Amino acid sequence: MVNEAGVAAMRAALEADGYALEVHEEGGRVGARISAMPEACADCLAPRPVLRMMLQQALGVPEAAIDLRYPG
């Protein structure tokens, strides 16, 4: 269901700013968890609606099917 190349691209983009991305599928839903690494750029993480849209495009799943968790 999830585009693995899209996951890798999003993961690389987030890691460049000090964030990690975990993605898992369960029951037709996609969980996306963003976590901050010690060197994270606090001003670099996009707002939730923007990141949810980016994930929808990269992962190839409907935006409504993404459960997004931010750091903290």
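1. Strand 1 and strand 2 are joined by 8 bridges and run antiparallel, where a strand is a DSSP run of E with at least two residues, a helix is a DSSP run of H or I with at least four residues, and both are numbered from the N terminus. Two strands are said to pair if DSSP finds at least two bridges between them. Within this pairing, A20 has S35 in strand 2 as its bridge partner. In the hairpin that the two strands make, 2 residues lie between the strands, and G27 takes a positive phi near 55°.

2. Before going further, please note that this is a predicted model, in which local features need pLDDT of at least 70 and side-chain atom pairs count only at pLDDT 80 or more, while totals for chains, interfaces and linings use all residues. Residues are numbered from 1 along each chain as its sequence is written, and side-chain values use heavy atoms, with hydrogens and water left out.

3. The sheet as a whole is open and consists of 3 strands in the order 1-2-3, with mixed pairing. Its edge strands are strand 1 (19-26) and strand 3 (66-69), each of which pairs on one side only. From one strand to the next the twist averages 15°.

4. Strand 2 (residues 29-36) and strand 3 run parallel and are joined by 4 bridges. Across this pairing A32 stands opposite L68, and R33 stands opposite R69. Strand 3 has a covered face, made of I66 and L68, and an uncovered face, made of D67 and R69. Strand 2, helix 2 and strand 3 together make a right-handed β-α-β unit, a crossover being called right-handed if, with the strands pointing away from the viewer, the path from the first strand over the helix to the second runs clockwise.

5. Helix 1 lies across strand 1 and strand 2, and runs at about 155° to strand 1; such angles run from 0 to 180 degrees between N-to-C directions, and the axes are lines fitted to C-alpha atoms, for helices over the stretch in contact.

6. Which residues of helix 1 are buried? They are G6, V7, M10 and L14, and seen down the axis of helix 1 its buried residues fall within an arc of 100°, so they line one face of the helix. Buried means under 20% relative accessible area, exposed means over 50%, and partly exposed lies in between (1.4 Å probe, protein chains only), while the arc is that of the directions from the helix axis to the C-beta atoms. The cover over these buried residues includes strand 1, strand 2 and helix 2. On the face turned away from the buried side are the exposed residues E4, A5 and A16; A5 has a relative accessible area of 58%, and its C-alpha atom is separated by 8.0 Å from that of L59, 54 residues apart along the chain.

7. Helix 2 (residues 48-59) packs on the sheet, where it touches strand 1, strand 2 and strand 3. In helix 2 the buried residues are L51, L55, A58 and L59, and seen down the axis of helix 2 they fall within an arc of 80°, so they line one face of the helix. What covers them includes helix 1, strand 1, strand 2 and strand 3, whereas P49 and Q57 are exposed on the other side of helix 2. Just after helix 2, G60 takes a positive phi of about 75°.

8. Leaving aside its neighbours within four places in sequence, L68 is in contact (heavy atoms within 4.5 Å) with A32, I34, R48, L51, R52 and L55.
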